[in-house]
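Subject: Structure handover

Hello,

Here is the structure I promised to pass on. Please open it first, then read my notes below.

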Amino acid sequence: MEDLLYAQPGWTHVAIFFALGAALLMTVLGFVTYAILAERKVLGFMQMRTGPNRVGGRFGLLQTVADVFKLLIKEDTIPKLADRPLFILAPVIAFAPAFMVLATIPFSENLQFADLSVGLLYYVAVSGLSTIGILMGGWASNNKYSLLGGMRAAAQMISYEIPLVISVVGVILFAGSLNLNDIVRGQENIAYIFLTPIGFFVFLISSIAELNRTPFDLPEAESELVAGYHVEYSGFRWAFFMLTEYVYLFAMASLTTVLFLGGWNPIPFLGFIPGALWFGVKFSIVVFFMIWIRGTLPRLRADQLMGFAWKVLLPLALLNIFVSAAVKELFL
Amino acid sequence: MIRTEEMLLNVGPQHPSTHGVFRIVLKIDGETIIEATPVIGYLHRGTEKLAENLQYTQIIPYTDRMDYLAAMTNNYVICHAVETMMSLEIPERAEYLRVIVMELGRIASHLVWFGTYLLDIGAMSPFLYAFREREAIINMLNEICGARLTFNYMRVGGVKWDAPDGWIEKVRDFVPYMREELAGYHDLVTGNEIFLNRVKGIGFYTKEEALNYSLSGANLRCTGTNWDLRKDEPYSIYERFDFDIPVFHTGDAWARYQCRMQEIEESLKILEQAVEQFPAEGPVMAKVPRIIKPPKGEAFVRIESPRGEIGCYIASEGKKEPYRLKFRRPSFYNLQILPKLLVGENISNLITILGGIDIVLGEVDG
Amino acid sequence: MTDKQNESNEGLSIEEQKKKAAAEAKAKALELAKQRQAEKAKPVESAEQPTAELELTKEELKKKAAAEAKAKALELAKQRQAEKAKAAETAEPTTTEPELTKEEQKKKAAAEAKAKALELAKQRQAEKAAEPSDTTDETSDDLAKQKALAAAKAKAAAAAKAKAAAAAKAKLAREAGGDTSAQPASDDEKAKAAAKAKAAAAAKAKAAAAAKAKALREAGGDAPSETPAGDDEKAKAIAAAKAKAAAAAKARAAANAKGAAAEPAAEEKPSPNQPILDTYIKVIKEHLGEDVLEDSYINRLSKDVPTLVAKPDTYYKIAEFLKHNDQLRFDYLSEMHGTDFETHFEVYNHLYSYVNRQSVALKVKIDRTSATTHSITPLWEGANWPERETFDLLGIHFEGHPNLSRIMLPDDWVGHPLRKDYEPHDVEV
């Protein structure tokens, strides 16, 4: 793949890149399909019910497919007083960055689309764009609930991006690079979760907040804002917001795996298992953890959420920089 | 200078957290509520007007539809009012059956409250756990009266059906089961830091305010007022049971939560004793005339429903229909304090406070 | 209701039954006396007592089918038993005693003290109240009966009572020493017997407390000369209860005294709440003048709640007084609604005092044409919505209400549905 990037451009390359992109998109869509199913199933089991069990056999394997199909054939409604261009644009702006960030994530030694030297920075920078899409959707709907949801989302995502970025400084210190490949290689002997546990803790919480998932699901807050910023969306536009959410879940779980859990690196003595599988296992653990949290915790209040970001997570993340530097200086 | 504007936000009548068709118009500044105006009446069915043309027995099904989460207490209050007017002596077995189904109803009602309250606050699992236990209760009530929600079980002078074989044993087995599950709820929710942060100090009012606003039930007991009609103006056979009235002093949503959770435990205590003392046999219906005609005059009785004081006023002319029937509906009275509590709170707290009052719209709107 | 329950009644209305019963009042009274004596003997028999009672009840049921007069007597006996059972069950709430309202304490005291004559009188009174048509021709008969009865009974009763008290005391002592809490419900019979014994003891304590409270209040409020005859009897009952609480020996004398005292009081209405009502009226009249109240009575149908009927112009003044007066302190509005009585409207408020643990019903009759009265929302915030509801459904205007608008019905609704002359308005007709 690297060779292709540096080779002479031509239509064949375009076709190949397009095909690869489409393949990744399909993979991601497949993931989203089954991540939603998994979430519903896992939540179902946690709540002592079975979850989807009709469409597609007794495990409901085609449930999400049917849901998406329903969304596709649903009437596309745009409120009369909505800001039409923005209303249409918002889901696209929200979704595009979610897909873009996937390019830099190394799923195994060989499977990566773009090996950027500032991959981590790229991820953080691009993922921040989604906020605009969400805010736009909230504003364009011309609905007070969605406006409140959009404002909450903007405030929350900007607030939590700060501890999120600062918490990975420890990782960068250890790896000495912003390249995600280098970061994974730096963990061949020991995963960074053991070197910067505080960083991992802050990163995990901030990432849940970034994903707008329970207990930080204030922007959608079903019981307060009905559905927050996407209250006026339906059909495929709504599906795009949903897709954004789950693609981000995919991306964030991948990033967590790469940064803290050692990416494709195997656990010692189990090296015969392929790297991609290791990645998959670690990734699944992170996703499961997030579903688990959702099944357990209630929602925070907006002011508590902000207080938590600025008063708890940020100082912890800053502390983490010093601790990491000390660890690196003294033990490595 | 940034110019800010107040915004009117219309919450309800279709909103997931208003538990029915309750509407509240908020004037908000950002997310801070400046003024709140509740609008009710969307579920007004004119029960009291309808009752003026119905015989007493025919009114009972209408009461089911008021507080549909604890219909047994509603059944009881009208029967009790008529029985008080007619000075009827209710057979032992009927009294025990009444107490058992009312306490089961109380637990079921509190379970629904617990589940939906946590759902409002954003935790989804407790809702399903609570409904599992409620299902067990509903099944038992279904067995005794053939309905799951609108029971229509009680009659003036007793109850409609005797308990089927083995039913009392089921209630007996349910008590330890429920205790176990209740401990699970406490593990899952009561100690949760996020939950505590959401409810502690929220929706505070003092004892004087609570009395002034005619609050009752857990909404009153959370302010340190020891008041429960089951103890303080005993009706039916409640004075035979040994149970406590949970009273808390902080006057916030947290106290209301604790109050209701402990009330479940106390109801279990009552159930345990009622099942133990349950008379082996006997009639479930007193000797009453075929057509019930309370003597001329008026009566007001009040009893303790899960939501507070439910009362029934009957003005009778000695005919088979009441001249005037009026229900003191606790949710209706309890809801009055809402606008006062909401001023200065943010929208998230609106849900916490509203949920904490525990209203049932069928009852608010009569 | 099923047909089965009514087979024995066969369409007989209550009145008819009562008339029959009244016709054989003498037989009834005799029966009653017998029953009572049999009953009195029973508590002494301690443990088997509940079963015995149960069997007795069945027997009685049979008898009932046999003769109407007997049925009446039996019902009385049954009622008494039920009352006793209830009294027995109150044994447990000894801990909650301070929370009990005075009214309840009094009721219990009356029941528990086994003031036989008093109870008899009460029962008869209740009966009378239930069948007002019979009272006139039966009163003299009743009186005669009762005199004979009371005289005969007082002695036997007192003796039996003393015995029962002694037994109960012994039992209580044993309980306290041994297995009070050990096996509360394992043996039903035992538990019941124990409860009874406890009840006797508890009742004494309660009676004493009630009597004391009452005496205190009466000393503070009512002059003895002012108390109506109904009170007289009541006071005696209390005195008796007090004496009992003091010593078992005294109890006998007290009971005797009471038995004798019951005679003149028999024709009065001994509502336990009468003195409370008297206090209210007295306090109100002292502060607001003589003619502020239109009427006042004890509403027997409504658990003996003292009822005050204010005059339309003094309604707010009385409400305010009820809330703020230090002696009354009705700080809680339990219920507020209106009724259309066709000749007039009536607003009914059920007030409660958490300080004194007493209820009062405050009513006001409103002229139907103007349909205006003063709002009490400034006094009790809790009256806000109920007044709006009353306005909405009955069209009574409350002056001084902060926001008197429709609450249940849409703002453009025409008419007030709970008015008896309401005609639904339909624009298309």
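In this predicted model, strands β4 (residues 344–353) and β5 (residues 358–367) of chain C pair in the antiparallel sense. The pairing runs over 10 bridges. One pair to look up: C:Leu351 has C:Val360, in β5(C), as its bridge partner.

Both strands belong to an open sheet of five strands in chain C. Read across, the order is β1-β2-β5-β4-β3. The pairing in this sheet is mixed. Which strands are at the edges? They are β1 (293–299) and β3 (332–340) of chain C, and each pairs on one side only. From one strand to the next, the twist averages 20°.

Two helices of chain C go with this sheet. Helix α12 (residues 315–324) packs on the sheet. Helix α12 of chain C touches β2 (305–310), β4 and β5 of the chain. The direction of α12 makes about 170° with that of β5(C). Helix α13 (residues 384–394) of chain C lies across β3 and β4 of chain C. Helix α13 runs at about 5° to β3(C).

Now chain B. UniProt, in an unreviewed entry, lists residues 120–295 of chain B as "domain: NADH-quinone oxidoreductase subunit D". That span is 53% helix and 2% strand. Its end C-alpha atoms lie 47 Å apart.

Chain B also touches chain A. How many residues are in contact? On chain B there are 24, and they meet 23 residues of chain A. Five elements of chain B give two or more residues to this side: β1 (7–11), α4 (92–121), α5 (125–145), α7 (193–199) and α14 (347–357). By type, the residues on the chain B side divide into 12 nonpolar, eight polar and four charged.

Last, chain A itself. Chain A has 15 helices and zero strands. Its radius of gyration is 20 Å, close to the 20 Å that the globule rule gives for 332 residues, so chain A is as compact as a globular protein of that length. Along the principal axes, the C-alpha atoms of chain A fill a box of roughly 60 × 50 × 45 Å. Of the 332 residues in chain A, 46% are buried. Then there are the contacts in chain A between residues at least 6 apart in sequence. Among these, 78% join residues at least 24 apart.

Best wishes

Key
Residues numbered from 1 in each chain as written. Chains lettered and ligands numbered in written order. Predicted model: local features only at pLDDT ≥ 70, side-chain atom pairs only at ≥ 80, totals over all residues. Pairing = 2+ DSSP bridges. Helix = DSSP H or I, 4+ residues; strand = E, 2+ residues; numbered from the N terminus. Axes fitted to C-alpha atoms, helices over the stretch in contact; angles between N-to-C directions. Contact = placed C-beta atoms within 7 Å. UniProt positions renumbered as here; feature names shortened; annotations may be inferred. Nonpolar A, V, L, I, M, F, W, Y, C, P; charged D, E, K, R; others polar. Rg over C-alpha atoms; globule rule 2.2 N^0.38 Å. Buried ≥ 20, exposed ≤ 12 C-beta atoms within 10 Å, placed from the backbone.
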